[in-house]
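Got a minute to look at a helix and its neighbours? Have a look at the model below.

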Amino acid sequence: MSDTQTSPAAGGAAAPRTAPESPPGTALTDDDLELLLLIRHFELSLLGLFSEGKLNGTTHTCLGQEHVPVALAPLLDERDHVFSNHRGHGHYLARFRDPEGLLAEIMGREGAVCQGVGGSQHILRGRYLSTGVQGESLPVAVGVGLHLKEHEPGRAAVVHIGDGTWGEGSVYEALNMAQLWQVPVVVVVEHNGIAQSTPAEMQMAGSIEGRAAGFGVAYRSADAWDVDTLRATAGPAVEEVRATGRPLVLELSVPRIGPHSKGDDTRSEAELAAARARDWHARYEQLFPERFARAEDRMREQVARVVRDVDARPLSEWRDPCLAPSA
């Protein structure tokens, strides 16, 4: 399986094809494995809490897409900005490893990251911001990228969007300004092939690569279930943005294992089976069953403890505006 590919950026230099030295999956560290499983069990617990009637509002899990934030985590530091979207629990956990604060935020309990007013989708913590409004984060990321270019060279703004967000006009305004101003923005596109309930082939003309090329924005892509393989592509992409100060679109083909939200999956059983066949979970479990089982038990129990602890807390109170909590 060819897991990574790169293409010449329109107006930019061609990047070399990259690949890990080890076969896919075999070089996975214990830390990466535990983070993957922490996110997986956190998301599964959320769906369980909804079914028990313990959560309000809505939520969108990243089931099947956990390897993206895990691969990117060591490539970024606290001085980089991360902009997440409605499917952002994995992005938050990979940056802060704080399941207690995130669950408290979603449950509206004491200890919540934003005192319980942001919920699942709208979280601000230091240089991390998520929003459930599709297309909103990219123009903001370009503005932040302009600030970084002028005041903090070498830093980057990383913004996560999905394939469905490419139907928003703000994406193109932002790409236009990013290329005109030459700002250090990495647009990470987690392309799961379905925008809520509409398959990509029914809502997107052309390609993401072609749309990036229309603005002369550099482009790379990867189709990888393995953290190290994905990191081998993302690492040079992030460093290229740091070094050049120019924007780049990084398109990652990922499966969406769960529903769009809680139970609104319109895909056929065959389509779901195809998505599950691309899931990292079963592949890593098959590669090293004993090590995987031990890690899964630890993370399952850790998340269960967090759920018991947070569920027992009093409701949070919005005492102060959560404009600048510490990172």
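Here are a few questions and answers on this predicted model.

Q: What span does helix α1 reach from its first C-alpha to its last?
A: Helix α1 covers residues 30-51, which makes 22 residues. At 1.5 Å a residue, 32 Å would be expected. The helix comes close to that, reaching 31 Å.

Q: Which residue just after α1 takes a positive phi?
A: Look just past the end of α1 for a phi of about 75°. The residue with that positive value is Gly53.

Q: Are α1 and α3 oblique or roughly parallel to each other?
A: Helix α3 takes in residues 89-96, and its axis is 10 Å from that of α1. The two pack at an angle of about 140°. Angles over 145 degrees would count as roughly antiparallel, and this pair is therefore oblique.

Q: How many charged residues are in the contact of α1 with α3?
A: On the α1 side, the contact uses Leu35, Ile39, Phe42, Glu43 and Leu46. From α3 come His89, Gly90, Leu93 and Ala94. By class that gives six nonpolar and two polar residues, and the charged count is one.

Q: Are α1 and α4 oblique or roughly parallel to each other?
A: Helix α4 (residues 99-107) packs against α1 at an angle of about 20°, with the axes 12 Å apart. The cut-off is under 35 degrees, so this pair is roughly parallel.

Q: How many nonpolar residues are in the contact of α1 with α4?
A: α1 brings Leu38, Phe42, Leu46 and Leu49. α4 answers with Pro99, Leu102, Leu103, Ile106 and Met107. There are no polar and no charged residues here, and the nonpolar count is nine.

Definitions and conventions:
Residues numbered from 1 in each chain as written. Predicted model: local features only at pLDDT ≥ 70, side-chain atom pairs only at ≥ 80, totals over all residues. Heavy atoms only, no water. Helix = DSSP H or I, 4+ residues; strand = E, 2+ residues; numbered from the N terminus. Expected span 1.5 Å × (residues − 1). Axes fitted to C-alpha atoms, helices over the stretch in contact; angles between N-to-C directions. Parallel < 35°, antiparallel > 145°, perpendicular 65-115°, else oblique. Contact = heavy atoms within 4.5 Å. Nonpolar A, V, L, I, M, F, W, Y, C, P; charged D, E, K, R; others polar.
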